[in-house]
Amino acid sequence: MSEQIPVRTVEASPTIKNVPGRPMKAKAGSTDKQIHTRSFTGLFRRLRISGAGFLFLLFFGTVWLNWGGRQAVLWDLAESKFHIFGATFWPQDFILLSALLIIAAFGLFAITVFAGRVWCGYTCPQSSWTWIFMWCEKVTEGERNQRIKLQAAPWGLNKLARRAAKHTLWLAISVMTGLTFVGYFTPIRPLAEELFTLQIGGVSLFWVLFFTAATYINAGWLREAVCMHMCPYARFQSVMFDKDTLAISYDAARGENRGPRKRDVKPAEAGLGDCIDCQLCVQVCPTGIDIRDGLQMECIGCAACIDACDSIMDKMNYPRGLIRYSSERELQGGKTHLLRPRLIGYVAVLLVMIGALALALVERPMVSLDVTKDRGLFRENGQGQIENIYTLKVINKTQQRQDYTLSLVDGEGFQLQGKTELSLAPGEIVDVPVSVAMTTERPASSSQTLSFKIADSDEPQIYSVAKSRFVAPMNR
């Protein structure tokens with residue numbers, strides 16, 4: 001006798017054509033019902049594990065690296081210095097951080113236009129940590145059916161032990177996450193030692209506990225609610241889709257009508273499509289949706305349903321791809337256009353911005369100069385010359401001691417007085433009081449622009465220029 005594919009007795013979902021460009025459907029039913037996902041294997045799961053594993057290695061590993069006698073990556077808020085391996089950035093370099101955020105935004109736009117929410121499904125921290133917490137559930141409470149039974153079972157020693165083991169793993173991962181995150185802003189080694197010897201300071205302890213709680217609550221309890229109700233990306237993603245966007249889609253033309261059948265029964269002879277209505281695509285979905293109902297804002301693009309459906313297609317000896325990455329144009333019988341104006345535009349802008357950021361990093365001056373004029377307008381010195389007083393703030397942005405020379409740019413008619421030769425340690429900041437005297441008897445204007453310049457004594461091409469005003473009376 002031929003094998004009957006087991007199915008769960010549920011009411012069949014309504015047949016709605018999966019159209020990526022249509023408005024997103026809200027998830028039917030109560031959102032309070034706990035979702036128990038089923039284990040599965042497949043190509044996209046392996047890709048997600050590989051990508052998330054690499055990101056976890058970066059996050060948890062980079063913070064422990066040393067570079068030049070200090071932590072390799074450290075955002076030192078107390079000193080207003082940001083160390084990224086061999087480079088040190090200062091508050092004056094925040095424009096570069098803004099450029100990096102803009103590049104990230106355009107990169108997200110480009111990938112969304114091309115392939116939908118792949119960021120959410122493969123690399124989003126909320127999704128990645130949720131998958132880890134779901135794995136902890138599987139290890140401590142068993143597979144999907146076992147977890148459902150445990151959920152319904154009365155409290156007893158077995159349930160208490162399994163739940164305690166699960167929450168212990170959740171808390172351990174959360175503490176590691178909170179400690180690591182704070183370790184990017186406070187040196188990780190002394191922070192970890194202080195935490196485990198219970199000598200940690202109040203501020204550091206607060207932030208470690210804050211991010212521990214955030215991880216525990218978001219990945220352990222809220223899960224899909226974060227994606228459905230808190231993340232704005234789900235709300236505007238459909239605006240960025242077009243007819244050629246590759247989204248996870250159910251091929252209704254091939255799959256309908258749905259229904260169980262024996263393995264050796266040909267679908268056409270039974271008046272059925274390729275979908276056997278096994279509900280496996282729903283059981284593996286971390287947000288609990290039915291992809292066969294069409295594109296929904298709860299879909300995070302994790303492709304779990306593709307892996308699950310492909311495994312059933314293999315068992316039934318049907319072609320894979322009943323659920324697949326597809327476009328609206330392809331589902332309507334056309335051919336997907338991968339290169340189209342909007343996508344090319346996003347990529348072009350992205351490449352230009354990346355090039356501009358790279359150039360800005362290369363050309364970034366390794367010495368900083370800020371000028372503050374004294375509140376007094378002017379004064380007359382012993383030689384009868386008009387003077388203005390300034391304070392020059394100089395920062396050595398390099399990792400070596402540097403010698404610098406102060407001067408005026410195009411300073412005809414003016415003389416810089418004060419200390420003009422400086423020697424600064426790596427990362428040192430100094431305030432240098434100087435005065436500028438007007439050597440001409442009659443000023444061209446009561447307020448003139450002065451340009452101060454600081455240059456490396458050994459490499460004059462390394463310099464910085466800052467401007468200020470020189471004020472003088474007109475009745476001289």
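1. The buried residues of helix α10 pack against α2, α3 (118–123), α9 (224–230) and α15. This is a predicted model. Helix α10 covers residues 233–240, and its buried residues are Tyr 233, Ala 234, Gln 237 and Met 240. Viewed down the axis of α10, these buried residues fall within an arc of 105°, so they line one face of the helix.

2. Helix α2 (residues 94–115) and helix α15 (residues 341–363) meet at an angle of about 160°, and their axes are 9 Å apart. Because angles over 145 degrees count as roughly antiparallel, α2 is roughly antiparallel to α15. The crossing of α2 and α15 is left-handed.

3. Which residues make the contact of α2 with α15? On the α2 side they are Leu 96, Ala 99, Leu 100, Ile 102, Ile 103, Phe 106, Gly 107, Phe 109, Ala 110, Val 113 and Phe 114. On the α15 side they are Arg 342, Leu 343, Tyr 346, Val 349, Leu 350, Met 353, Ile 354, Leu 357, Ala 360 and Leu 361. By class, the contact of α2 with α15 has 19 nonpolar residues, one polar and one charged.

4. Helices α1 and α4 give another case of packing. The axes of helix α1 (residues 43–62) and α4 come within 11 Å and cross at roughly 105°. Angles of 65 to 115 degrees count as roughly perpendicular, and α1 and α4 are therefore roughly perpendicular to each other. In α1, the residues Arg 48, Ala 52, Phe 56, Phe 59 and Phe 60 meet Ser 128, Trp 129, Trp 131 and Ile 132 in α4. The residues of this contact of α1 with α4 divide into seven nonpolar, one polar and one charged.

5. Helix α5 (residues 144–152) has a buried side and an exposed side. Arg 144, Arg 147 and Leu 150 in α5 are buried. Down the axis of α5, the buried residues fall within an arc of 125°, so they line one face of the helix. The face turned away from that buried side carries the exposed residues Asn 145, Lys 149 and Ala 152. What do the buried residues of α5 pack against? Their partners are α4 (125–141), α6 (157–183) and α12 (280–283).

6. Some backbone values deserve a second look, because most residues other than glycine have a negative phi, and most peptide bonds are trans. The peptide bond from Glu 256 to Asn 257 is cis, with omega near 0°. Asn 257 lies in the loop between α11 (252–255) and α12. Gln 279 is also in the loop between α11 and α12. Phi of Gln 279 is near 70°, a positive value in a residue that is not glycine. Is Gln 279 buried or exposed? Gln 279 has a relative accessible area of 5%, so it is buried.

7. Ser 80 is not a glycine, yet its phi is positive, at about 55°. Ser 80 is in the loop between β3 (73–76) and β4 (81–84). With 31% relative accessibility, Ser 80 counts as partly exposed.

8. Trp 90 is in the loop between β5 (87–89) and α2. With a relative accessible area of 2%, Trp 90 is buried. Trp 90 and Ser 80 are ten residues apart along the chain, and their C-alpha atoms are separated by 6.3 Å. Setting aside neighbours within four places in sequence, Trp 90 is in contact with Ser 80, Lys 81, Phe 82, Ile 395, Asn 396, Lys 397, Gly 427 and Ile 429.

9. Met 313 lies in helix α13 (residues 304–316). Its relative accessibility is 1%, so Met 313 counts as buried. Apart from neighbours within four places in sequence, Met 313 is in contact with Arg 254, Asp 274, Tyr 318, Pro 319, Arg 320 and Leu 322. How far apart are Met 313 and Glu 193 in sequence and in space? Met 313 and Glu 193 are 120 residues apart in sequence and 53 Å apart in space, C-alpha to C-alpha.

Conventions. Residues numbered from 1 in each chain as written. Predicted model: local features only at pLDDT ≥ 70, side-chain atom pairs only at ≥ 80, totals over all residues. Heavy atoms only, no water. Axes fitted to C-alpha atoms, helices over the stretch in contact; angles between N-to-C directions. Helix = DSSP H or I, 4+ residues; strand = E, 2+ residues; numbered from the N terminus. Parallel < 35°, antiparallel > 145°, perpendicular 65-115°, else oblique. Left-handed = near helix turned anticlockwise from the far one by under 90°. Contact = heavy atoms within 4.5 Å. Nonpolar A, V, L, I, M, F, W, Y, C, P; charged D, E, K, R; others polar. Buried < 20%, exposed > 50% of the residue type's maximum accessible area, 1.4 Å probe, protein only. Arc of directions from axis to C-beta.
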